[in-house]
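Welcome! Please take a look at the structure below, and then we will walk through it together, topic by topic.

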Amino acid sequence: MPEPRPDTQQVIAENREYTLFSWSVQQQTHPIHMTGGRGSYFYDGDGNTWLDFSSQLINLNVGHQHPKVLEAIKAQVDSMCFAGPSFATDVRAELGKKLAEVTGLAKSFFTLGGSEANENAIKIAKLYTGRDKIITRYRSYHGATMGSMSASGDPRRWPVEPGIPGIVRVFDPYMYRPPMGGSASEWEDGCITHIEEVIQLEGPHTIAAMLVEGITGSNGVLIPPDSYYPRLRALLDKYDILLIDDEVMSGFGRTGKWLATQHYGIVPDIVTCAKGLTSGYMPLGAVVVNQKIADYFENHFLAGGLTYSGHPVSLAAAIANLKVYEEEHLFEHTLELGNYLGERLEAMKRKYACVGDVRSIGLFSVLELVRDKKTKEPLAPYNGTSPEMAKLAAHIKSKHVYAFSRFNMLWVCPPLVITKEELDAGLAVYEEALALVDEMIG
Ligand code: PLP
């Protein structure tokens, strides 16, 4: 148990006085003073222990303070803290080779996070194809830099609109709410055929790539039907359009595989990754490209670079983190525990009136909450909140479970090292909160 810190209120006050917090109206921020952590738990300055049911930002896959990753970071700091991006290093060779192996692609370009990875993937696709447009999906988030924020469909893009030119959006494989009406089975076909129509109307020769989240994360764990990716891959091949697979959130074990798209047996042309690549221990992202794209840049100029591209300490953290996945069989654990979690969530759907849909794959899960199961009226509006969602979040927080909720959705995305007992403890708190919501909606 951590000791309470006498200065915790002052630390919070100074954080708020001297720094800006992301995605917030500053007056409304209530940061927790985090002082440490271990495994599935972290500690606050008041001496509380929190169960991290969201792996921070769905990135801390090996849990807090994993000793093997810490050791690798310390060793790299001692031997060489920095090398510029044009130098060859041991860690660069080792991680590049590993990423080629796990993605089935050829070469990696390193960035500092997911936004920059998507930014560079878009640029690489444009340079390689000589075309300008990028197709993306409405319910998607690709990052907060200008290009990746404009490429996102999520309302987080609204403040920077019109954003970069050339973004064309299509609908998502959101089977619970087919966007054009009709049944889920009709939409299974429609969510591909309407993309073909968009491609034809835009002009296939103008489209460089389609950028998709392997499995959409912060817009609600939208698990596509099994036919989606094989059909999308074939469609894009037909028009010579690249498939960029953003695995920033869904990759590196979150769904029990290296890439979420590996569940569907396809290989993208470009993969972007970050988050679970280092489990957040150091900032790192990567754009991994296929052999054809890599070959193109053998004799064409790669117009891009970052001072911290290939930062040795970040690469060392990633190498150690990927070893932990394999040595501790974390993907197998994720699949096994994920099956159990899926069953538990299905049982909650049967038990609570407010649970309209559950979507779960590995330890990547969401409960979609409604006022009425028949009409599917959301418990909070798109891009908004409601007293019921506020009550749900407040209850979970009061029990020191750290959870991600947004709009009418509540996620379960714990570190992949979580045990069944820890998972059960968090789910028990979720059940209390769902019962409170059921009382409110009567
Ligand atoms: N892509 C996806 C799917 C994400 O979920 C995120 C962040 O949540 C990003 C990109 C942006 O990554 P970063 O915050 O590391 O820049």
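Two strands are said to pair if DSSP finds at least two bridges between them. With that in hand, look at strand β9 (residues 270–273) and strand β10 (residues 285–289): they run antiparallel and are joined by 4 bridges. Keep in mind that this is a predicted model.

- β9 and β10 belong to an open sheet of 7 strands, whose order is β4-β10-β9-β8-β7-β5-β6 and whose pairing is mixed.
- The edges of this sheet are β4 (107–111) and β6 (167–170); each has a single partner strand, so one side of each is left without a neighbour in the sheet.
- On average, and ignoring direction, neighbouring strands here are turned by 20 degrees against each other.
- Helix α5 lies across β4, β5 (133–137), β7 (207–213), β8 (242–246), β9 and β10, and it runs at about 25 degrees to β10.
- Helix α7 also packs on the sheet, where it touches β5, β6 and β7; the direction of α7 makes about 155 degrees with that of β6.

**The sheet of 4 strands**

- Another open sheet has 4 strands in the order β1-β2-β3-β14, again with mixed pairing.
- Here β1 (34–38) and β14 (401–402) stand at the edges; each has a single partner strand, so one side of each lacks a neighbour in the sheet.
- Over 4 bridges, β1 pairs with strand β2 (residues 41–44) in the antiparallel sense.
- Which residue in β2 is the bridge partner of G37? It is F42.

**Helices α7 and α8**

- The axes of helix α7 (residues 184–202) and helix α8 (residues 228–238) come within 10 Å and cross at roughly 15 degrees.
- Angles under 35 degrees count as roughly parallel, which makes α7 roughly parallel to α8.
- The crossing in which α7 passes α8 is right-handed.
- On the α7 side the contact involves C191, I192, I195 and E196, which meet Y228, R231, L232 and L235 in α8.
- These contact residues divide into 6 nonpolar, no polar and 2 charged.

**Helices α3 and α10**

- Helix α3 (residues 67–79) packs with helix α10 (residues 312–327) at an angle of about 150 degrees, and their axes are 8 Å apart.
- Angles over 145 degrees count as roughly antiparallel, and α3 and α10 are therefore roughly antiparallel to each other.
- Their crossing is right-handed.
- Among the residues that meet are K68, V69 and A72 in α3, and P312, V313 and A316 in α10.
- By class, the contact of α3 with α10 has 11 nonpolar, 2 polar and 1 charged residues.

**Helices α12 and α13**

- Helix α12 (residues 387–398) and helix α13 (residues 420–441) have axes 9 Å apart and pack at an angle of about 155 degrees.
- Are they roughly parallel or roughly antiparallel? With that angle, α12 and α13 are roughly antiparallel to each other.
- α12 passes α13 in a right-handed crossing.
- α12 brings E388, K391, L392, H395 and I396 to the contact, while the residues of α13 include V429, Y430, E432 and A433.
- Sorted by class, this contact has 9 nonpolar, 1 polar and 3 charged residues.

**Around the ligand**

- How many residues surround the ligand? There are 15, and the closest are G113, G114, S115, G143 and V248.
- Helix α5 (residues 114–129) gives the most to this shell, with 3 residues.
- The classes in the shell are 5 nonpolar, 8 polar and 2 charged residues.

**Two backbone details**

- Most residues other than glycine have a negative phi, and most peptide bonds are trans.
- The peptide bond from E161 to P162, however, is cis, with omega near 10 degrees.
- You can find P162 in the loop between α6 (146–151) and β6.
- S279 has a phi near 55 degrees, which is a positive value in a residue other than glycine.
- To locate S279, look in the loop between β9 and β10.

How values were computed
Residues are numbered from 1 along each chain as its sequence is written. This is a predicted model: local features need pLDDT of at least 70, side-chain atom pairs count only at pLDDT 80 or more; totals for chains, interfaces and linings use all residues. A residue is near a molecule or strand if its C-beta atom, placed from the backbone, lies within 6 Å of it. Helices (H or I, at least four residues) and strands (E, at least two) are DSSP runs, numbered from the N terminus. Ala, Val, Leu, Ile, Met, Phe, Trp, Tyr, Cys and Pro count as nonpolar, Asp, Glu, Lys and Arg as charged, and the others, Gly among them, as polar. Axes are lines fitted to C-alpha atoms, for helices over the stretch in contact, and angles run from 0 to 180 degrees between N-to-C directions. Angles under 35 degrees count as roughly parallel, over 145 as roughly antiparallel, 65 to 115 as roughly perpendicular and the rest as oblique. A crossing is left-handed if the near helix is turned anticlockwise from the far one by less than a right angle, and right-handed if clockwise. Two residues are in contact if their C-beta atoms, placed from the backbone, lie within 7 Å.
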